[in-house]
Amino acid sequence: MALTKTNNAAASVKIVVLGIIVILLFTLPFWAPENIVMIFLLIMLYMSLGQMWNLLAGYAGLVSLGQQIFIGLGGYSLAVITEVYHLNFLLAIFIGGVVSVIFVLIISQPIFKMKGIYFSISTWVIAEALALYFLNWAFVGYGLGFNIRTTYEMSTSFLYYLSLVLGLGSVLLVYIIMRTKRGLALMAMRDNESAAEVMGVELYKTKLTIFLISAFITGMTGAVLYLNISFIQPYAAFSIDWTVASVVIVIIGGIGTMEGSIIGAVVYVILKQFLYDFPGISMIILGVIAILIILIAPKGIMGMLHDKFGWEVLSPRRSPKKLMKMIRF
Amino acid sequence: MLNQENKELLTVENLDVHYGDLQALYNVSLQISPGSIVSIIGSNGAGKSTLLGTITGINKPTRGKITFKSQDIGSVPTHTIVAKGITMSPEGSRVFEKMSVEENLFMGAYLPNARRKRQELLKRVYGLFPVLKEKSGQLATYLSGGQRQMLAIGRALMVDPEVILCDEVSMGLAPVIVKDIYHKIREINREGMTFVLVEQDVKRSLKYSDYSYVMVKGKIVMEGPSSELPEDEVKDAFFGIHKYA
Amino acid sequence: MEVLLQLILNGILLGGLYAMIGLGMSLIFGIMGIINLAHGDLMIVSTYMSMVVAMRFSGNVFIALLITVVVMIIIGFLCQTFLINKVIDKGPEPPLLITFGLSIILQNVLLLIFGADAKNIPTRVSSENIVTTPWFSISEIYLINFVISIVVILLLSFVMKKTYFGRAIRATSGDIVASELVGVNTKRIYAYTMALAMATASIAGLLIGMTFTYSPSTGTQYLIFAFGVVVIGGMGNLVGTLLGGIILGLSQMVGSYFFGTAYQLFCGYIVLLVILTFRPQGLFAGARK
């Protein structure tokens, strides 16, 4: 009985703290200076990238090295829809997500035939191929790219709120997914594919769904990222650097956890800001940290905290009774 | 417990081995005298392979000591243990599939002292197992089960060790072939090689060894000179009839 | 028609060079079962190193090669021992991610030191044609690339087949436990394999530097080439790697004929993706697993 009381108390404290953080985040532009708002803007966006990469790699076991596909597609959707067709930017962002989803549907057949490392490198190759294609495509202005002018009128606060929605939304989305039947299936699949298959988990469908979701959100994140950058060209849009950021964020924060992407994004953005004038050095440091983490604390910061102190802020786990009810596929 | 003059070649003292949280060996102790054939009898899951694996450094002991020629080999990597003079014909033979029979044997003589005597060692192996000489150019993957087992033992011989551990050499083989292999083992033993044979066949183990240990669920439940161990009592122990469990 | 013939010839010659780029990766994947995502960048590092040494010694590429190979072997040995060996038995992802991290670090270090401008290794070997016939011609550098690649591949084949060192490597890739049981120090064999891969990569790096321009980000492109060669040719199969390189070279050259030079790389990528879809074990499989 005492145990349940402590658990309830702990849970209440968690909720209150989370609530306070969310309120602070929503009111940020009113009390924080602009450069801080900018930092949080980036944290939100990179957090979303991390969540989506983690969804693929940490939960579905699909190590994607091609997240830049969706960033590029999302960014170019934004550019084309606002600059060429002069339509609303919100629509453009949404289309960015949709285009990414369609692309995944197109490549899903061949790419899911590939296992493990072949899958990973294929995603990278496809991204490079896309970059080359866009480089030679008149419609998108070849390598010269686009200026995205809708953004010129937008305030930092406005962009911040867009990012906030995406960032918090991505966390919420992952949280919800993990608590559904599909989520359980996912974790079963991650731990043992053949066993999961035997139990009736539809591997292909589940993987595809996750990939589609990840593509959708990453695509929209890409569009909002480019709303910030306001200039797009193929090599940058489809650069492996986007995946590098996602991977580094998740590794440092803790792969397979939701909080991991949050921590990782904070570390990433802050490091890059501090070393703004030396972009190369920040990447080197991030690379070194990532390697050290894999060697010393492979579960990342969150994993370490969980192991040592039992910390878990956003647990996807349900009570045993509910679990038993759910395991009736 | 402390042997000032340890005349035993290989001693295992109070060995505990865990796989994660699962304990596989409980306080196992053995002594192997030089030039003897020692058999370890037990059914599946009794811990025999784990024991051999720990002696050869493939598994790490959680507790206990393994001594070979007065040296502690408990935390030493496998290739170093082999260099000291112990090798194994592993469960399932584990021959190098994509290499020829002869290349497999060459690999047996990888270490410098064996490499120097390679031709001599090779001649000996071919003498013991003529079928290997016949098939010397063939890829190991095309050999029959019995031939693979002979290759595995032959490869172990090429290492020119002092002790050969044999993990279930009879598994899946016809009795005629098994008999042949065991006779060869006896022959090699007469030339001075120490053998530790892990087996499930009680009768055969008692027949071909000097000393036997019986293992059940990770523990030694019975031991003694093979000639003095009554076969039915061993069988009882083997099946875990409860006075021994 | 002559143009196509010339392109086919160039494709084959270039293919030799591509094969050598993929050699290191084929070794590592074939024997250790991991993909070194930093392979391309390590090769470009050796290119820059050769450039620096060559300039120091007034353009002498032989000294550059010697020093670079030695340094790269040491680097490879260290990376293997302290980075990769530590995580190699922890599943397929940690080594992949570590090499990914290494790739990031190397690219940015090069960027910091040398900047993003394209560079080239000045050499007395030129792109002049050394053979000219009415139907086709062969440029000096392309021919040298091809010959050196063939020599290296043959040498490596010999080492793998006939020496104890090569046998130990093959044994380790087949069965680690069995190898240890004959006295092979398998972790060290991995380190030697990496060293071998680095040696071939540095030779390839020098040749690349003399033939094409390069910059810190070129590593990625060659990583994909290497992977392509390995996939097309089949893992761990030396002759397959050569053929894989040639096929890649051909698809690039022939692709450029039909679609324009801008799509050269693109064609290579598409061919790779197609093969990955239908026959990921390579066209000339027969290697491990």
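In the predicted model, B:Val163 is placed opposite B:Thr194 of strand β8(B). This pairing belongs to the contact between β8(B) and strand β7 (residues 163-167) of chain B, which run in the parallel sense and are joined over five bridges. On strand β3 (residues 37-41) of chain B, a parallel pairing with β8(B) is likewise formed over five bridges. In that pairing, B:Ile41 is found opposite B:Glu199 of β8(B).

The setting of β8(B) was examined next. Of the six residues of this strand (residues 194-199), six are buried, and the strand is therefore largely enclosed by the rest of the structure. Together with β7(B) and α8(B), strand β8(B) makes a right-handed β-α-β unit.

The chain is divided into domain 1 (1-85 + 163-171 + 181-245) and domain 2 (93-160). The C-alpha centres of these two domains of chain B are separated by 25 Å. Across the boundary, eight residues of domain 1 of chain B are in contact with nine residues of domain 2 of chain B. On the domain 1 side, the elements that give two or more residues are α2 (78-84) and α8 (175-190) of chain B. The most is given by α8(B), with four residues. By residue type, this side of domain 1 of chain B comprises six nonpolar, no polar and two charged residues.

Contacts between chains were considered as well. Two pairs of chains touch, and the most contacts among them are between chains A and C. Here, 31 residues of chain A are in contact with 33 residues of chain C. At least two residues of the chain A side are supplied by each of α5 (116-135), α11 (241-253) and α13 (279-296) of chain A. Helix α5(A) gives the most to this side, with 11 residues. The residues of chain A that form this side divide into 24 nonpolar, five polar and two charged. Chain A and chain B, by contrast, do not touch, and their nearest C-alpha atoms are 17 Å apart.

The largest nonpolar core contains 273 residues, and those with the most contacts inside it are A:Tyr46, A:Val248, A:Ile251, B:Val214 and C:Ile21. Helix α2 (residues 34-59) of chain A gives the most to this core, with 16 residues. Domain 1 (1-85 + 163-171 + 181-245) and domain 2 (93-160) of chain B both give residues to the core, which therefore lies between them. Leaving aside neighbours within four places in sequence, A:Tyr46 is in contact with A:Ala245, A:Ile249, A:Ala265, A:Tyr268 and A:Val269.

In chain C, a further tyrosine was examined. C:Tyr48 is located in helix α2 (residues 39-56) of chain C. This residue is buried, because 21 other C-beta atoms lie within 10 Å and the threshold for a buried residue is 20 or more. Not counting residues up to four places away in sequence, C:Tyr48 touches C:Leu110 and C:Phe114. C:Tyr48 and C:Ile121 are 73 residues apart in sequence, whereas their C-alpha atoms are 8.4 Å apart in space.

Key
Residues numbered from 1 in each chain as written. Chains lettered and ligands numbered in written order. Predicted model: local features only at pLDDT ≥ 70, side-chain atom pairs only at ≥ 80, totals over all residues. Domains from an automatic or database assignment. Contact = placed C-beta atoms within 7 Å. Nonpolar A, V, L, I, M, F, W, Y, C, P; charged D, E, K, R; others polar. Buried ≥ 20, exposed ≤ 12 C-beta atoms within 10 Å, placed from the backbone. Pairing = 2+ DSSP bridges. Right-handed = clockwise from strand over helix to strand, strands pointing away. Core = buried A, V, L, I, M, F, W, Y, C linked by C-beta atoms within 7 Å.
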